[in-house]
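Here are my notes on the model, point by point. Please read them with the structure open.

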Amino acid sequence: MSNSTFDLVVIGGGPGGYVAAIRAAQLGLSVACVEKRPALGGTCLNVGCIPSKALLAASHHYHTAAHGLGAFGIAAEGVSFDLAAMMAHKDKVIADNTKGIDFLFRKNKITRFVGAGRLGGEGTVIISGAEGETTITGKAIVIATGSESTPLPGIEIDETVFVSSTGALALPAVPKRLVVIGGGVIGLELGTVWGRLGAEVTVVEFLDRILPFHDAEVSKVMQRLLGQQGMQFKLATKVVAGERIGETARLTLEPAAGGPQETLEADVVLVAIGRRPHVEGLGLDALGVERTKRGFIAVDAGYRTNIPGLYAIGDVIGGAMLAHKAEEEGVALAELLVGQHGHVNAEAIPSVVYTWPEVASVGKSEEQLKQAGIAYKAGKFPFLANGRARASNEVEGFVKILADATTDQILGAHIIGPNAGELIAELVVAIEFGAAAEDIARTCHAHPSLTEAIKEAALAVAGRAIHV
Ligand SMILES: Cc1cc2nc3c(=O)[nH]c(=O)nc-3n(C[C@H](O)[C@H](O)[C@H](O)COP(=O)(O)OP(=O)(O)OC[C@H]3O[C@@H](n4cnc5c(N)ncnc54)[C@H](O)[C@@H]3O)c2cc1C
């Protein structure tokens, strides 16, 4: 048993927690970070953003080499892949990234505790590690324990036949038939990985469209393009039962609105129906920490819980469950703790789907604006009319900008197309700066570049796009 006192104790070493720790250390606070995984980086670096992008990149290169070079006059015969080598690439990327956080912790003199942290009373954290329990105290304590896959009642995750995203990132072989339950970002990205490597992928989605939190027009185009790549969809369909039969699975499906049942067989079933806050074992109830109806830790605009000195950030407080949102909250909280004015603009948090083509959005969708009764103008420009996209043979998709009908201020932007995840940054900056569509329209964009599609969409808001 040893005791240590810190200005700040962070529980959870994911993008929210480790960034809060680094920023607080930069600001002169003594900081400890408690993380139960052996490696820092949280879900994102270990079993989320980074490994999924490593496999998306690897499978994309394979798929392009095998099927996508003919249009450029390149014949590539006998292209094959080595799954173990792809996994080794992914594992190396994870290791390099997580070691990078270790380096940053040393650089910023952050004390690292390996073990599960729980609240031991106001200002106290008890850590259960390999060497028993350690109690530390913090003037401020931040819960940044993230999220975990939401289970589907009636389906037991065994990580071999019924897998979570973690299992789907480490399959030992390409399944012949992969069923993905849930047509959200994680399901589509991981379905894409295995589809490119040869799996027959069927997505079962309860709602009547995929990517339900994205602009409906984008979701529709995405479904068409993924369908062209061989992905099949069963929308407005619910999974009512799933059983393992030897090394395969049998699912019982039913229309979401009720009706006759059907069965669907698979070699692997990925359950990707969402993520829930990871709060188990933290001792929240004993301390009386308030939660929202959906179980997230309730916080105010300054990330304060109802317990003095106890804060929470990242996935565990809900909102956009994204790594960069958690990071921004980590920075904002550290700054607030030293009396600065940290703030996160929820309207300027981009969201990206790393399929092909990519989908990226920021701000409001058309549906949200309609629902809120906000009058808006939409400007749209297709990549088909963009020279750089044509040169790269990546002409699917469009840029859509939504601006206030009266003030012309940009309220939302939606891109489906090549490099959408990078292109969206310009529109995030525009929203953060309160820019009007006219501001983008009058800004010179390099030619030929995909960014010209953004300028043209901004011009289209005022009905004066040049190239359509
Ligand atoms: C497959 C997948 C792909 C994703 N892709 C993207 C993407 O491309 N872009 C994106 O922005 N987001 C993506 N996400 C979401 C992203 O990973 C999360 O939003 C992000 O990791 C949240 O950060 P966090 O710090 O709040 O929590 P986490 O990253 O979940 O970190 C929380 C950490 O707390 C630790 N912990 C929990 N309880 C305790 C305890 N009691 N004591 C000590 N430690 C504890 C956990 O071990 C974990 O390491 C993806 C998620 C998944 C699953």
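1. Helices here are DSSP runs of H or I with at least four residues, strands are runs of E with at least two, and both are numbered from the N terminus. The model is predicted, so to speak of a local feature takes pLDDT of at least 70, and side-chain atom pairs count only at pLDDT 80 or more, while totals for chains, interfaces and linings use all residues. Residue numbers start from 1 along each chain as its sequence is written, and side-chain values use heavy atoms, with hydrogens and water left out.

2. Start with a backbone check. E159 has a phi near 60°, a positive value in a residue other than glycine. E159 sits in the loop between β7 (147-149) and β8 (162-163).

3. Two cis peptide bonds deserve a look. One runs from W356 to P357, with omega near -10°. P357 lies in the loop between β18 (351-353) and β19 (358-363). Another cis bond joins H447 to P448, with omega near -10°. P448 belongs to the loop between α13 (437-441) and α14 (452-461).

4. A backbone N or O atom of A323 is 2.8 Å from a ligand oxygen. For M321, a polar backbone atom is 3.2 Å from an oxygen of the ligand. For C44, the corresponding distance is 3.4 Å. Taken alone, the ligand exposes 990 Å², and the protein buries 96% of that. These areas come from the Shrake-Rupley method with a 1.4 Å probe.

5. Last, helix packing around α1. Axes are lines fitted to C-alpha atoms over the stretch in contact, and angles run from 0 to 180 degrees between N-to-C directions. α1 and α4 (residues 83-107) pack at about 25°, with axes 10 Å apart. They are therefore roughly parallel, a label for angles under 35 degrees. α1 passes α4 in a left-handed crossing, in which the near helix is turned anticlockwise from the far one by less than a right angle.

6. α1 also packs against α9, at about 30° and with axes 7 Å apart. This pair, too, is therefore roughly parallel. The crossing of α1 and α9 is right-handed, the clockwise case.

Notes: Polar contact = N/O pair within 3.5 Å; in protein donor to acceptor, adjacent residues only side chain to side chain. Parallel < 35°, antiparallel > 145°, perpendicular 65-115°, else oblique.
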